[in-house]
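Thanks for coming, everyone. I'd like to walk you through one model today, so let me put it up on the screen.

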Amino acid sequence: MSAREGRSNRRGRDARREARASNNARHIPYIKRNIPVTNLTSNEALEIIEANADTILEEIGLEFRDDPESLALWKSVGADVQGARVHFPKGLCRDLLKTAPAEFTQYARNPANSVQIGGNNTVLAPVYGPPFVHDLDKGRRYGTIKDFENFVKLAYMAPAMHHSGGTVCEPVDLPVNKRHFDMVYSHIKYSDKPFMGSVTAPERAQDSVDMASLVFGEEFVQNNCVMLNLINANSPMTYDATMLGALKTYAANNQACVVSPFILSGAMSPVSGAGTLSQLLAEALAGCALTQIIKPGTPVIFGTFVSSISMQSGAPTFGTPESSLVLNGAAELSRRLNLPFRSGGSFTASKLPDAQAAYESAQTLLMTLLSGVNFSLHAAGWLEGGLCSSYEKFVMDIDQCAMMEVLARGIDVSENGQAMDAVREVGPGGHFLGCAHTQANFEDAFYRSRTADNNSVEQWQADGSKDTAMRANAIWKQMLADYQAPALDQGIDEALQEFMAKRKASLPDSNV
């Protein structure tokens, strides 16, 4: 072979590799499931759980602490309010939720990235909330606004991330009372996918709404969902003033609240699956229903974050069969309410992007898809029980998330999928490598992982004997090197910066 022929062959291989990469990265704004949901809980069991949730609401009640306005709202619709404790007549919450949409659109500033939440759709979003970040080069450290921007960019670059998320890591180098400006701005500036607003105080929620209004227009925001927000119940059976204040602000502005009891079974709920499901259903019903008192018809997502604790150490555990069963049962309870459902992700208690991290995350992510979750936070980057956003784990997770889209397509039974022409061509005793059907379909017949190594051991050794985390380390660095910001109207950018400057100047720095 001549030198020219060698160069030509290499160019051909490079072109084919680029074509394969382009095919694998084709634009998919969200997953549309063609496979049925998997229900692991019988109708009889679900009816028992629903009846027990009604008993919790009516007999035990929930507390709405330090928020007289929420108590007054409940009283106005017939609830029995005794101090901070609210008792709900049977069926009240369900009746209120009849005005909530079963499915809705969250609009992105790039319309091609808008997502449909509910129905047979699954939207995957990055990790939310960790104060620390981790990578193989620098180890574990506090997150900064630069790290925040990096994770926004990585989510923007990853086709398997349909959503930019919210607090992808906590930028602890900024004052607590002002960092929400920079976080929301980062989602708008460095991505054009949908995003989440701040919930750490009612005024910060309003700042988020005001910033979104500068991007989409005030009238559009008041009539359409452009932001999600995460409202956690303070389990067991309590809502605090901070979460209630954010919920009221977003619901009044027609923005979708993801109302999610945060439960570690054994500490914040009973150790049994049925007991946990009954409690979380009661908590979610009350929080979701409150949005409809504030503004009937505003979108709301029934959510839950549920795992268990080690009964030996008290530490959270992830990827366990018990939490998978609860996730699956909660998804079915949400469908029976005709509400979109949030849960799942890529959870692990591991401190490194290792085998434990992979096994635990895969257990949860697969159940997320099979259970029919509509919106999944923490789908990429979660490490150390949610205390760390990991660069390498993010890359490992988006690879798995991309596989979920392929799984969700189901079996292709089109004429091409049936492949009867290939069977006729090859016949008994032949092979399919060279047949016309294989040649026409081999580029995208099977999912091609970016992180897995399927070469011979000799080739693997020649490439440096790298494990998955090491390969992921190189990938995220290359992704950031290749990043190009989506276009943002200069006038909008200037308006956002002017708004932030004025609001920041009006507030003294505070870390509360």
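Let's start with a pair of side chains: His163 and Gln106 make a polar contact through their side chains, at 2.8 Å. By polar contact I mean a pair of N or O atoms within 3.5 Å, where, within protein, one must be able to donate a hydrogen and the other to accept it, and residues adjacent in sequence count only if both atoms are side-chain atoms.

Quick housekeeping before I go on. This is a predicted model, so local features need pLDDT of at least 70 and side-chain atom pairs count only at pLDDT 80 or more, while totals for chains, interfaces and linings use all residues. Residues are numbered from 1 along each chain as its sequence is written, and side-chain values use heavy atoms, with hydrogens and water left out.

Okay, back to His163. You'll find His163 in the loop between H5 and helix H6 (179-190); helices (H or I, at least four residues) and strands (E, at least two) are DSSP runs, numbered from the N terminus. Is His163 buried or exposed? His163 is buried, because its relative accessible area is 0%. The cut-offs there are under 20% relative accessible area for buried, over 50% for exposed, and partly exposed in between, with a 1.4 Å probe and protein chains only.

The side chain of His163 also has a polar atom 3.0 Å from the backbone nitrogen of Gly165. Leaving out residues up to four places away in sequence, His163 touches a list of residues that includes Val123, Leu124, Lys193, Pro194, Leu228 and Phe375. Contact here means heavy atoms within 4.5 Å.

Now His162. His162 sits in the loop between H5 and H6, and His162 is buried, with a relative accessible area of 4%. A polar atom of the His162 side chain lies 2.9 Å from the backbone nitrogen of Leu124. Among the residues that His162 touches, not counting those up to four places away in sequence, are Ile28, Tyr30, Asn113, Thr122 and Lys193.

The side chains of Glu405 and Arg409 are joined by a polar contact of 2.9 Å.

On to helix packing. Two packed helices are described by the angle between their axes and the distance between the axes. Helix H5 (residues 145-157) and helix H18 (residues 468-482) have axes that come within 10 Å and cross at roughly 90°. That makes H5 roughly perpendicular to H18. The axes are lines fitted to C-alpha atoms, for helices over the stretch in contact, with angles running from 0 to 180 degrees between N-to-C directions. As for the labels, under 35 degrees is roughly parallel, over 145 roughly antiparallel, 65 to 115 roughly perpendicular, and the rest oblique.

Which residues make the contact? From H5 you have Asn150, Lys153, Leu154 and Met157, and from H18 Trp476, Met479, Leu480 and Asp482. Those residues split into five nonpolar, one polar and two charged. Ala, Val, Leu, Ile, Met, Phe, Trp, Tyr, Cys and Pro count as nonpolar, Asp, Glu, Lys and Arg as charged, and the others, Gly among them, as polar.

Helix H3 (residues 68-76) and H10 also come within 10 Å, axis to axis, crossing at roughly 80°. H3 and H10 are therefore roughly perpendicular to each other. Here Ser70, Leu73 and Trp74 of H3 meet Ala286, Ala289, Leu290, Ile293 and Ile294 of H10. By class, this contact has seven nonpolar, one polar and no charged residues.

Last topic, the cores. A nonpolar core is a set of buried Ala, Val, Leu, Ile, Met, Phe, Trp, Tyr and Cys residues joined through side-chain atoms within 4.5 Å. The largest has 89 residues, and Phe64, Trp74, Phe88, Leu228 and Phe302 touch the most other members. Helix H10 (residues 273-294) gives the largest share of this core, eleven residues. Phe64 contacts, among others beyond four places in sequence, Trp74, Phe88, Ala286 and Leu290. There is also a second, separate core of 35 residues, including Val152, Ala160, Cys169 and Met479.
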